[in-house]
Amino acid sequence: MLIKFKVNRFRGFAEELCWDLSSPSNYEYNTFAIKNGVIKNGIVFGPNGSGKSNLSKSVFDIIYHLSQKERFADFYQSYIYAGSPNGFVDFEYTFKFGTSIIVYAYSKNAVGVLMAESLNVDGRQIFSRSQDELQYFDTQEFPLNQDTLNTLANNANNISIVNFLLLSYPLNVNHYLIKLRDFVNGMLWFVNLDMRGYMGLEMGSTNLQEYIIRNGLLDRFQTFLKDISGQVYRFVKPKKDDTTLFCSFGDVKAPFLSIASTGTRALMLIFFWLQKLNNATFVFVDEFDAFYHFDLSKKVCQALFSLDCQVFTTSHNTSLMSNDLLRPDCYFILNNNKIKPFYQCTDKELRFAHNLEKMYRGGALGV
């Protein structure tokens, strides 16, 4: 699980931002949102321009050099904070795998080239590489000769040492590098606003209607729409080679996408990903409810948070600020280059009976 994330000089973040998931409070309700002492589910709120989308994207920078999963081609455009064009974008991830704590840090330049990298496991430094120096400490587990060390220290193609070790040594399934690799490969970010896209977990694009038809999921999709939104669609049974969903209105049939609202189309994307998340490790949905009624937003959250993996979203919908859905240590406010859970945004002791939305709107919660 990801337990802490730090980023500095990524896009609008002029200073270091630290998102800590390792310190849940002692609330005794909605315990599903906490797993092994780590915050498993949460929603990030904040004003327009506060950096919610930048936070969600920055967490997924790691897939660009440790994974071959789906990526955005223009991810490195406007990559570094405009006030530091000649500096580096710094990242630090702290993971918890079983009882082991892994701290993986690296820096990239303004075009996304890996310039520095370090790895620490349970307080033991494995390696640390800067622009012109490599400090390598784990000579027993990974016995690299001096020529290899010199090449890694000065490699012109700036390869990741983590990747080099993964590809160069046979490792057992419980090795910390295998766990790190598998976690990164299971990360998924997606959005459904004016544009639709994703990073991680899968590769390539999918026609959602064709996916539902080919995998025999039409009845499940019909039930999903009814259960989560109350909408009743009577779909025409597709033929073997169909790629388009049709709805029946007596003797008339109409293409599903021609009659579906923007919100219903967004639900189809949620349905698609819910079928894919058995192997997911960390999911972040940006502005997940931009087209949803407030009650539908809550039901979609409940569906996402029922997954076994870590799931986070961003939202402007303050009706989600309810102890019926989550708890004050799982709601976050991002503003002024800081992110804090609700219970750290006030001097009051937040309890189940508190109206979190009213407190937020009244200015009683802030960073």
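Me: Which strand holds Asn192, and why does Asn192 count as buried?

Reply: Asn192 sits in strand 11 (residues 187-192); strands are DSSP runs of E with at least two residues and helices runs of H or I with at least four, numbered from the N terminus. Buried means under 20% relative accessible area, exposed over 50%, and partly exposed in between (1.4 Å probe, protein chains only). Asn192 has 18% relative accessibility, so Asn192 counts as buried. This is a predicted model, in which local features need pLDDT of at least 70 and side-chain atom pairs pLDDT 80 or more, while totals for chains, interfaces and linings use all residues. Residues are numbered from 1 along each chain as its sequence is written, and side-chain values use heavy atoms, leaving out hydrogens and water.

Me: Happy with that! What makes Lys69 partly exposed?

Reply: Its relative accessible area is 26%, so Lys69 is partly exposed. Lys69 is in the loop between helix 2 (63-66) and strand 6 (89-97).

Me: Which residues does Lys69 touch, leaving aside those up to four places away in sequence?

Reply: Lys69 touches Asn185, Gly200, Leu201, Glu202 and Met203, where contact means heavy atoms within 4.5 Å. As for Gly204, its C-alpha is 8.7 Å from that of Lys69, although the two are 135 residues apart in sequence.

Me: Why are helix 7 and helix 10 called oblique to each other?

Reply: The axes of helix 7 (residues 218-229) and helix 10 (residues 294-305) cross at roughly 125° and come within 9 Å. Axes are lines fitted to C-alpha atoms, for helices over the stretch in contact, with angles from 0 to 180 degrees between N-to-C directions. Under 35 degrees counts as roughly parallel, over 145 as roughly antiparallel, 65 to 115 as roughly perpendicular, and the rest as oblique. Helix 7 and helix 10 are therefore oblique.

Me: Which residues meet there?

Reply: From helix 7, Asp227, Ile228 and Ser229 meet Leu296, Lys299, Val300 and Ala303 of helix 10.
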